[in-house]
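Biologist: I am new to this structure. Please take me through one part of it closely, then show me how the rest is built around that part.

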Amino acid sequence: MSVKILHNPRCSKSRQTLDLIREKGIEPLVIEYLKTPPTKQELTEILSKLGIKPRDLMRKGEAEYKENSLSDPSLSDEQLIDAMVAIPKLIERPIVLNGDKVRIGRPPESVLEIL
């Protein structure tokens, strides 16, 4: 089983999480999700494994969130997932995957329970 991290090298929390994983002697597959965004299927699986709704995985402070009126309660989960696939900057980061286990690295230490 390989550990993967959806990583943004410009994000301090993402860098701290990657460092924590490496300190445990694990070299994860690093996916720079802004360059290689998850597919709709992958994002749907991540949400299912996390047990959260799409809006809970969105960075609501991003300008794109407001510009695309993504706070609109009438939007379906599918529409929100489509928005994250189209605009990966909206996805909360980092996300660490280890088999069927997934955690968001906020705080970075939260990923330790799945390694």
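Modeller: Cys11 is buried, because its relative accessible area is 5%, and the cut-off for buried is under 20%. Keep in mind that this is a predicted model. Cys11 sits in the loop between β1 and α1 (12–23). Leaving aside residues up to four places away in sequence, Cys11 touches Arg93 and Arg106. Pro94 is 83 residues away from Cys11 along the chain. Even so, the C-alpha atoms of Cys11 and Pro94 are separated by 8.5 Å.

Contacts across the whole chain come next. Take those between residues at least 6 apart in sequence: 60% of them join residues at least 24 apart. Burial can be counted for the whole chain too. Of the 115 residues, 41% count as buried.

Now the layout. The protein has 4 helices and 4 strands. From the N terminus on, the order is β-α-β-α-α-α-β-β. Along its principal axes, the C-alpha trace spans about 45 × 25 × 25 Å.

Next, one of the helices. Helix α4 covers residues 77–86, and its buried residues are Leu80, Ile81, Ala83 and Met84. Viewed down the axis of α4, these residues fall within an arc of 155°, so they line one face of the helix. An α-helix has 3.6 residues a turn, so residues three or four places apart point the same way. Among what covers the buried residues of α4 is α2 (40–50).

Strand β1 (3–7) and α2 each supply at least two lining residues. Recall that β1 comes at one end of the loop that holds Cys11. How is such space found? Rolling a probe the size of a water molecule over the atoms shows where empty space is left. In the largest pocket, that space is about 250 Å³. The pocket is lined by 13 residues, and the closest to its centre are Lys4, Ile31, Glu42, Ile46 and Leu97. By class, the lining has 6 nonpolar, 3 polar and 4 charged residues.

How values were computed: Residues numbered from 1 in each chain as written. Predicted model: local features only at pLDDT ≥ 70, side-chain atom pairs only at ≥ 80, totals over all residues. Heavy atoms only, no water. Buried < 20%, exposed > 50% of the residue type's maximum accessible area, 1.4 Å probe, protein only. Arc of directions from axis to C-beta. Contact = heavy atoms within 4.5 Å. 1 Å grid on protein atoms, 1.4 Å probe; cavity = no way out; pocket = protein on both sides within 12 Å on 5 of 7 lines; lining within 4 Å. Points joined across faces, edges and corners; volume = space filled by probe spheres on them. Nonpolar A, V, L, I, M, F, W, Y, C, P; charged D, E, K, R; others polar.
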